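Please examine the chain shown below together with its ligand.

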Amino acid sequence: MPALLVLYHSQEYGNTQAMAEAVAEGAKAAGADVTLVNTHETRPDMEQYRACGAVAFGSPDYYSYIAGGLKVFLDDWHIAKKANKSGLVDKPYGLFYSHGGGGAVRGPLEKLFGKCGVKVGETVESKGAPNAGVLEKCRELGRQLAAQA
Ligand SMILES: Cc1cc2nc3c(=O)[nH]c(=O)nc-3n(C[C@H](O)[C@H](O)[C@H](O)COP(=O)(O)O)c2cc1C
């Protein structure tokens, strides 16, 4: 069964979490086994990343940058990769983010996670709480990732 990791940070209103859950919904409907991890609640586990076939990364815009929990993941990932741990590179990945009206995090988000593998689909954006159209884009991203996982 394809395995998708949805790794996100959500803390303030649950906006990014609602997007993560929609990505998971789409992936599950396409037959994937999905693990949701909120970096506000737990430090990401590199083994979970190693085990998945594809990954969705989601962040709120924090000062035009990604949330700290996702930065911690990238730091851990880079160090593990340098140590030649296998299974850490070239994963299909998708991106989503929420913001309060600025949204300049898109640049750093796409640049930083561009190191991790091959991008699938379009980056999904939400200003504030995701509306029905945004949630459908998230479900579609989940379906696309499930097909690549
Ligand atoms: C510490 C902090 C910094 C923020 N900085 C920005 C920002 O620079 N630009 C922006 O558009 N929104 C900014 N926001 C708004 C959040 O990105 C927005 O409310 C987001 O949807 C919250 O996601 P969440 O409900 O999943 O935690 C900031 C919020 C916080 C808490």
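What follows is a description of this model, from the whole chain to the ligand shell.

This is a predicted model, in which local features need pLDDT of at least 70 and side-chain atom pairs count only at pLDDT 80 or more, while totals for chains, interfaces and linings use all residues. Residues are numbered from 1 along each chain as its sequence is written.

The secondary structure comes to five helices and six strands, where helices (H or I, at least four residues) and strands (E, at least two) are DSSP runs numbered from the N terminus. From that terminus on, the order of the elements is β-α-β-α-β-α-β-α-β-β-α. The C-alpha trace spans about 40 × 35 × 25 Å along its principal axes. For 149 residues a compact globule would have a radius of gyration near 15 Å, so the 14 Å of the chain agrees with that expectation; the radius is taken over C-alpha atoms, and the globule rule is 2.2 Å times the number of residues to the power 0.38.

Strand 3 (54-60) is mostly covered, with seven of its seven residues buried, which here requires 20 or more other C-beta atoms within 10 Å of a residue's own, with C-beta atoms placed from the backbone. In a regular strand the side chains alternate between the two faces of the sheet. The table lists the buried residues on each side of strand 3, and its pairing, for which DSSP must find at least two bridges between two strands, follows below.

| Side of strand 3 | Buried residues |
|---|---|
| One side | Ala54, Ala56, Gly58, Pro60 |

Strand 3 pairs with strand 1 in the parallel sense over five bridges, with Ala54 as the bridge partner of Leu4. Six bridges join strand 3 to strand 4, again in parallel, and Ala56 has Gly94 as its bridge partner there.

The largest nonpolar core has 42 residues, and Leu4, Val6, Val23, Val55 and Ala56 have the most contacts inside it; such a core is a set of buried Ala, Val, Leu, Ile, Met, Phe, Trp, Tyr and Cys residues joined through C-beta atoms within 7 Å. Leaving aside neighbours within four places in sequence, Val6 is in contact (C-beta atoms within 7 Å) with Ala20, Val23, Ala24, Val34, Leu36 and Ala56.

Around the ligand there are 20 residues, of which Ser10, Thr16, Pro60, Gly100 and Gly102 come nearest; a residue counts as near if its C-beta atom, placed from the backbone, lies within 6 Å. Helix 1 gives the most to this shell, with three residues.

Definitions and conventions
Buried ≥ 20, exposed ≤ 12 C-beta atoms within 10 Å, placed from the backbone. Contact = placed C-beta atoms within 7 Å.
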